[in-house]
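Reader: Can you walk me through this one? I'd like the chain contact, then some helix packing.
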2 protein chains.
Amino acid sequence: VTTTEQQTDTRRGDSPMIWSGWGDPSERHAPPSSALRFLAREIGATGPPTPPVALDQVRVRDSHLAVGDRDALAAAVGTEHVSIERLPRILHAGGKSYPDLLRRRTGDALGAPDAVVRPADHDEVAAVLGLCAERRIAVVPFGGGTSVVGGVEPLRGGFESVISLDLSRMDRLVSVDRTSLTAVFQPGVRGRQADEQLAPHGLVLGHFPQSYEYASIGGYVATRSAGQASTGFGRIDDLVVGVRMATPAGDLHLEAGPASAAGPDLRALVLGSEGTLGVITAVSLRVRPLPAQQRYEAWIAPSFTAGAEVLRRLVQADAAPDVARLSDEDETRTAMAQQEGVKGVAAKVYPRLRGIRGGCVLVLGWEGTPRGVSRRRQEALEVLRDGGCVRLGRAAGESWRRSRFHGPYLRDELMDRGVLVETLETATTWSGLHDLHTAVRTALHDALEGRGAPPLVLCHVSHIYPTGASLYFTFLARAEPRTALEQWRVAKTAASEAITAQRATITHHHAVGTDHRQWLPGEVGAVGIEALRAVKERLDPVGILNPGKLLPDPSR
Amino acid sequence: VTTTEQQTDTRRGDSPMIWSGWGDPSERHAPPSSALRFLAREIGATGPPTPPVALDQVRVRDSHLAVGDRDALAAAVGTEHVSIERLPRILHAGGKSYPDLLRRRTGDALGAPDAVVRPADHDEVAAVLGLCAERRIAVVPFGGGTSVVGGVEPLRGGFESVISLDLSRMDRLVSVDRTSLTAVFQPGVRGRQADEQLAPHGLVLGHFPQSYEYASIGGYVATRSAGQASTGFGRIDDLVVGVRMATPAGDLHLEAGPASAAGPDLRALVLGSEGTLGVITAVSLRVRPLPAQQRYEAWIAPSFTAGAEVLRRLVQADAAPDVARLSDEDETRTAMAQQEGVKGVAAKVYPRLRGIRGGCVLVLGWEGTPRGVSRRRQEALEVLRDGGCVRLGRAAGESWRRSRFHGPYLRDELMDRGVLVETLETATTWSGLHDLHTAVRTALHDALEGRGAPPLVLCHVSHIYPTGASLYFTFLARAEPRTALEQWRVAKTAASEAITAQRATITHHHAVGTDHRQWLPGEVGAVGIEALRAVKERLDPVGILNPGKLLPDPSR
């Protein structure tokens, strides 16, 4: 190990991710000083700067993988695709959650996997699973590595060793059915890569989670992701038409049909299985023609409540835009302080905003044919105006769109400056939305103020459905210098308890991983857990697959 | 037992069903003689009349239910809700498939359940399941009793006795959330009842299977039903937001949330479980405002292929009507011969039909606000005209709508006249639709001609999706007088093998029951079957629930 080792791990045909944070560090920009001043006013003076340690200071244990195991894996996938070197292991030591980054930035990669194994295809995945079941090696499937809930943490689960099964070599668009508008992908294709591969066919997947540039198709499916345009295009659940999963018990291959009543839909067992039941090796997805027009604009709603009511009316009248995001008062205030663009526009339209105090920003986006966009937008305008909303214009909407994948970079900047910054999300019915918003805000304020670090809690409605909506919270506070992880845990627990008490879901699109598993039984009940456990025990009888994720530890 | 016993079994607040056929016999009308002549020309002379035997000729075994079991059940649900009399047992001897009716019409109700048990609520259902697991009594959940795939056949599954668990007392609308547009129903509410209960709230479920007047909400969910307007309103899969199911292992209660990423969606295990995992005791469903306008009309497409292409373009442009049915050439010919209305209209517009030979009828329906209907219809018209379709007008569309629940009555009339009449349905991608249509038609023709009974095979596209469509087949032939069941089985097997060879689904909305279970492994694979079996064994360890349905018998 030398100090000249590279900071990233180059992958085939896509950008590298830095070990200590998000994406490509050259994409990072320091937040404007006005935004930092605003933040300091809101959460009090931040602590001293807390940059990550140097890479050569990161602590990693020697690989526990037995030589015989390593040779067997090498025989299955090729020697060059089994890595026990320091850097690949550090890069697979976890995902990109706040606790993940806290640990790695302070030099702790002690939980790194014993090896990184990179299979080329379904058969190699199946062979690795067979070997690992036989040799009792835990396997953590690794797509883009973007989990923010501990989903790729290489826990051993009682086994001597654990490998990270990196799917980045499986990065091909396998086939396109232009007539049925479906495409089959290998699981390691990243979101942006998928759209790049579809573009020559005149098609797009149109699934835009904030992790779009790095998250993989397999990860989308394994975690039931939602994209920023899922209000219009559907969650990944709605886009998956077929899937193939290698399991220790054999191959689960579900054909790409439009609909069926042939028993329970087993695709739903794969969706959200988070690598605990098998490894997704192919996904058939709905795709759509490349939109000829994309129109994004911002509006101001009189209040969060009034804005939510407008969104409800829009979606229940089948007139929702493809993207619909409504910030609450605190998020709006923060956005205004942060973004010169929005502030400038807001100032310009200020005369129109008279009578609206504490207004809330609404970002709306339409994609499709020019006629379709125009027609759908006209339908929405009536509801918006009827609900007392005022148009800010396209500049602010386009500004949001340009920066929509930047959030995780900003987090790195803030963490460098001693700021706790975390997001969490949930969903409930329209009739329960207000109480949920209040309950989670209150829980986060109480928990963090109780530790002397008053937070800034921001929230927006991120996805709307006929029966309800999601709420996406961001909270920031002064990080406790030595007890940041504990501080995070207290806040996270308080929010999760509040969500559960409101009978809302513990996660709308981040998945369960390690961070939410203790709340899963409250949501699906003991019988629900037993049903999942039964499937797990049948498909993965040795229990090698992604230990410690999704399901709580058996109490028996 | 006397010959004066009533022919039906009166239920609370809804129509009775006759034991030997469909619905209320007073709703039956003899087919027009022109239609019968057409049929005779197509399939050759029919056999001698084959009316059902008299009710007092129906053979039923004595109830096997032990006195202790009966007393225990009576203690759980009340003495008056445990029936071991002849008529209720005959009425629960099976569903309404062609083989079911063949057997009962010839006086065979030897498979009738040993008792009919009618619980009042969730707790009584749970108590009955507990008792039956302890006492080793098979339980067949029975909603509307409309299964056409053997789903409510009271098989014993190796147990001494079997009860039919009739859910008709659980017929209430429990609650309505007008804001979130959801409603909670008990499982025994029939389709039409549900809409009647919602109407005072200005709401409608809008789920219209052909069995709408008798099928129950619980049955919809257990079988993953589709309604005639599901192209627009969604399958029942899309409408279920929450569900409660009593199982021998306890209560599975999934809250009504709009969306979640909290592990696999367990609602999908309940949907399509066909009573094998538990008994559905409450369902929360999306509802919609009562439509102010309903517009149905018929068109003629140049051919089945051209019509299917028009439907594909409509749905992929998000411009599909709520109802979209395209008959193939033979079904169109048959409809013209049967329905004076259609024929009259067709004659009137004949000049416009010049150049179209072998055209295909397309029934389209829009429901909603007048403006929405008008706007959506305008969008569709362009695609229809561009595809060479010619408008027949509203009369033919309304004629279809008026008669859309009459099919099963017509089947009784035809069975009286010695005609084999059966339906089956499947779905596949748009790119596979033509080959599937040809393969199933050919298989049915070959199988029945091979037995000397050339069939009339009709088909329509019944539901359309962005990635594909369903095909609904009706076939008619001269029934073999003594071997009608075997004749049916040969035809059914041939069609099912053809569907499987095309990698299409064995059922789009009829479910699996007894009739399709041998083809389920071909569709979901051995690992899929094992996953289902694992859940079954965990939730119903004694195996009392609906034996012989859905899952094939274990080979081990």
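Author: Here are the ground rules, then the interface. This is a predicted model, where local features need pLDDT of at least 70, side-chain atom pairs count only at pLDDT 80 or more, and totals for chains, interfaces and linings use all residues. Residues are numbered from 1 along each chain as its sequence is written, chains are lettered from A and ligands numbered from 1 in the order written, and side-chain values use heavy atoms, without hydrogens and water.

Reader: How much area do chain A and chain B bury between them?
Author: About 5,700 Å², with 60% of it on carbon and sulfur atoms. That is accessible area (1.4 Å probe) lost on being put together, summed over both parts. In chain A, Pro258(A), Val527(A) and Arg538(A) lose the most, together 12% of what that side buries.

Reader: How many residues does the contact take from each chain?
Author: 76 from chain A and 76 from chain B. Contact means heavy atoms within 4.5 Å.

Reader: How many salt bridges between chain A and chain B?
Author: The count is 12. The rule wants a side-chain nitrogen of Lys or Arg within 4 Å of a carboxyl oxygen of Asp or Glu. Arg371(B) and Glu382(A) form a salt bridge at 3.1 Å, N to O.

Reader: Which helix gives chain A's side its largest share?
Author: Helix 20 of chain A, with 14 residues. Helices are DSSP runs (H or I, at least four residues), numbered from the N terminus.

Reader: Switching topic. At what angle do helix 1 and helix 12 of chain A pack?
Author: About 145°, with axes 8 Å apart. Axes are lines fitted to C-alpha atoms over the stretch in contact, and angles run from 0 to 180 degrees between N-to-C directions. Phe38(A) of helix 1 and Arg333(A) of helix 12 are among the residues making that contact.

Key
Helix = DSSP H or I, 4+ residues; strand = E, 2+ residues; numbered from the N terminus. Buried area = accessible area lost by both parts, 1.4 Å probe.
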